[in-house]
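Dear colleague,

I am handing over a structure that you have not worked with before, and I would be grateful if you could look through it with the notes that follow the display.

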Amino acid sequence: MDTDGLARLFGPEAVNDAPGFYERLRAEHGPVAPVLVDGDLPAWLVLGYRESLEVLRTPSRFSHDSRNWHCFKENKVAADSSLLPAIAWQPLCLFMDGKEHERLRTALTDSMARFDRRGIRRCVTRAANQLIDDFAGDGHADLVSQFAEQLPLRVATQLLGMPEESGPRLVEATRDLLKGTETAFKSNEYLVEALEQLVADKRAAPGHDFTSWLMAHSANLTDEEVLQHLRLVAIAANENTTNLTANTLRMVLTDPRFRASLTGGSMTLPDALEQMLWDEPPTAVLPARWATDDTELAGQSIKAGDMLLLGLTSGNADPVIRPDLSVPMHGNRSHLAFGGGPHECPGQDIGRAIVDTGIDVLLLRLPDIDLAVPESDLKWVSHWIARHLTALPVKFTPSHPEGPAVSSSTADEEQSDYPLPASVDRGPNGTDETSAPASAAVAPGRLLSLWGSLKRWLRGR
């Protein structure tokens with residue numbers, strides 16, 4: 001691949017305006033574009049929806065084994081490359097194909113399938129209420145640091161079978177590890193030691209939890225395989241679910257579709273979640289696949305050992321499948337947010353349950369919650385894999401902790417499908433088109449207050 005003049009995936013254009021960057025590449029190169037990654041190493045960025053699925057579904061042509069990358073074989077990857085945390089080969093199903101991948105993957109999916117949906121939602125409800133209790137009396141909060149970054153791993157520690165009191169410290173260590181701070185190495189050591197202790201405890205006294213089920217599975221995972229996959233689940237689940245929670249909360253608080261009249265509404269919280277998975281998947285660029293032989297993709301000549309990165313955000317916005325991005329995608333789960341093919345995210349339904357239930361509890365507990373700053377003041381930090389909201393300041397009427405009462409009323413719901421404010425269709429000129437008259441529109445805080453009252457009435461409270 002000729003690298004002269006190629007766009008840098010790690011450059012300022014990609015960081016500051018990722019959608020514009022993807023569309024410029026699509027216009028210039030089509031659905032598969034040559035790019036440079038860290039160290040000015042060549043790679044292919046797959047921008048097309050169909051092309052992404054082709055790569056995801058054919059591991060015989062596009063392997064998960066990063067040891068195939070010619071840049072590794074030619075010693076071109078620096079020891080401190082920022083690529084390594086995402087693509088350095090490890091003995092995980094994430095980097096395997098064929099029978100060994102199937103053995104490890106089956107153990108993961110079978111163990112996750114043993115969870116009861118109501119049990120997961122009870123767990124999420126309890127964790128969400130504990131977090132809300134910490135700031136409910138303040139009248140203000142940052143929903144990124146005080147809620148979205150905390151909830152997923154609080155839930156995960158309980159599902160893994162760890163003591164509930166270990167949740168806050170594990171959240172702190174995992175967030176520190178993912179941010180790559182000076183103490184990230186020690187945080188990783190803490191995480192590994194905690195998981196080693198968990199495996200030892202469950203080997204001695206198995207329970208009704210994911211770790212015990214994984215260890216007892218007929219795939220016969222070694223303790224080291226169990227530990228490494230627990231670490232993968234903890235990190236991947238926390239990062240993606242945190243991002244999805246924060247983005248969905250922002251949508252609920254700022255999107256015009258949630259400011260219309262309750263009476264005309266049909267959008268549910270699960271609808272909003274799927275819309276967010278289409279528009280802003282928690283992982284923007286999925287690393288990575290490596291060509292096993294010389295091949296062709298969308299007219300581009302791919303050589304054996306070339307690296308391909310999957311542009312999930314750009315694939316979801318592919319004009320071939322979404323010529324009008326303003327058309328709602330309610331009920332459509334064919335997005336790329338969770339990947340596809342044999343490596344499709346095995347925990348996606350658990351992730352949906354965490355986000356859906358957590359936000360449902362938050363809106364019920366704080367019905368007049370509203371953004372505390374202008375939407376234009378919100379800021380993100382971006383890198384080549386994802387974009388993260390740094391803070392989501394909100395205000396609300398202070399209230400006393402009432403976690404147990406809310407928990408008992410929401411614990412057994414199969415899903416949160418009460419209607420949110422009116423779904424708004426956007427016309428070709430970008431204006432909102434809704435059946436509700438303009439005079440029926442209400443402010444976000446008042447709207448959510450009405451919604452909370454409606455939900456309590458429906459529950460007979």
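Before the first finding, a definition: a salt bridge is counted here when a side-chain nitrogen of Lys or Arg lies within 4 Å of a carboxyl oxygen of Asp or Glu. Please keep in mind that this is a predicted model, in which local features need a pLDDT of at least 70 and side-chain atom pairs count only at pLDDT 80 or more, while totals for chains, interfaces and linings use all residues. Residues are numbered from 1 along each chain as its sequence is written, and side-chain values use heavy atoms, with hydrogens and water left out.

On confidence, pLDDT is the predictor's confidence in each residue, on a scale from 0 to 100. The protein averages a pLDDT of 84, and 83% of the residues score at least 70. Residues 403-461 should be read with care, as their pLDDT stays under 50; for this stretch the model has 131 contacts beyond four places in sequence, a contact meaning heavy atoms within 4.5 Å.

Salt bridges

Across the whole structure, a search finds 21 salt bridges. One of them joins Arg 121 to Asp 356, with the closest N and O atoms 3.6 Å apart. Arg 121 belongs to helix 7 (residues 117-135) and Asp 356 to helix 16 (residues 348-365), so this pair ties together parts that are 235 residues apart in sequence. Helices (H or I, at least four residues) and strands (E, at least two) are DSSP runs, numbered from the N terminus. Both Arg 121 and Asp 356 are buried, where buried means under 20% relative accessible area, exposed means over 50%, and partly exposed is in between (1.4 Å probe, protein chains only).

Another salt bridge links Glu 280 with Arg 387, whose closest N and O atoms are 3.4 Å apart. Glu 280 sits in the loop between helix 14 (269-279) and strand 6, and Arg 387 in strand 12 (residues 387-389), so the pair ties together parts that are 107 residues apart in sequence. Here Glu 280 is partly exposed, with a relative accessible area of 22%, and Arg 387 is partly exposed as well, at 38%.

Glu 13 is partly exposed, with a relative accessible area of 37%, and Arg 24 is partly exposed, with 35%. Separately, Glu 274, Arg 333, Asp 349 and Arg 352 are linked in a network of salt bridges.

Strands and sheets

Strands of a sheet pair through backbone hydrogen bonds, either parallel or antiparallel; two strands are taken to pair if DSSP finds at least two bridges between them. Strand 9 (residues 307-311) is mostly covered, with five of its five residues buried. Met 307, Leu 309 and Gly 311 point one way from strand 9, while Leu 308 and Leu 310 point the other way. Three bridges join strand 9 to strand 3 (residues 41-46), and these two run parallel, with Val 46 opposite Leu 310. Four bridges join strand 9 to strand 6 (residues 285-291), and these two run antiparallel; the bridge partner of Leu 286 in strand 9 is Leu 310.

There is also an open sheet of three strands in the order 5-13-10, with antiparallel pairing. Strand 5 (140-142) and strand 10 (370-371) stand at its edges with a single partner strand each, so one side of each is left without a neighbour in the sheet. Strand 10 is joined to strand 13 (residues 393-395) by two bridges, and Leu 371 has Val 394 as its bridge partner in strand 13.

Two buried helix residues

Ala 107, in helix 6 (residues 98-113), counts as buried at 0% relative accessibility. Leaving aside residues up to four places away in sequence, Ala 107 touches Leu 214, His 217, Ala 219 and Leu 221. Ala 107 and Leu 221 are 114 residues apart in sequence and 8.2 Å apart in space, C-alpha to C-alpha.

Tyr 49, in helix 3 (residues 49-57), counts as buried at 11% relative accessibility. Beyond four places in sequence, the residues that Tyr 49 touches include Trp 278, Asp 318 and Leu 336.

With best wishes
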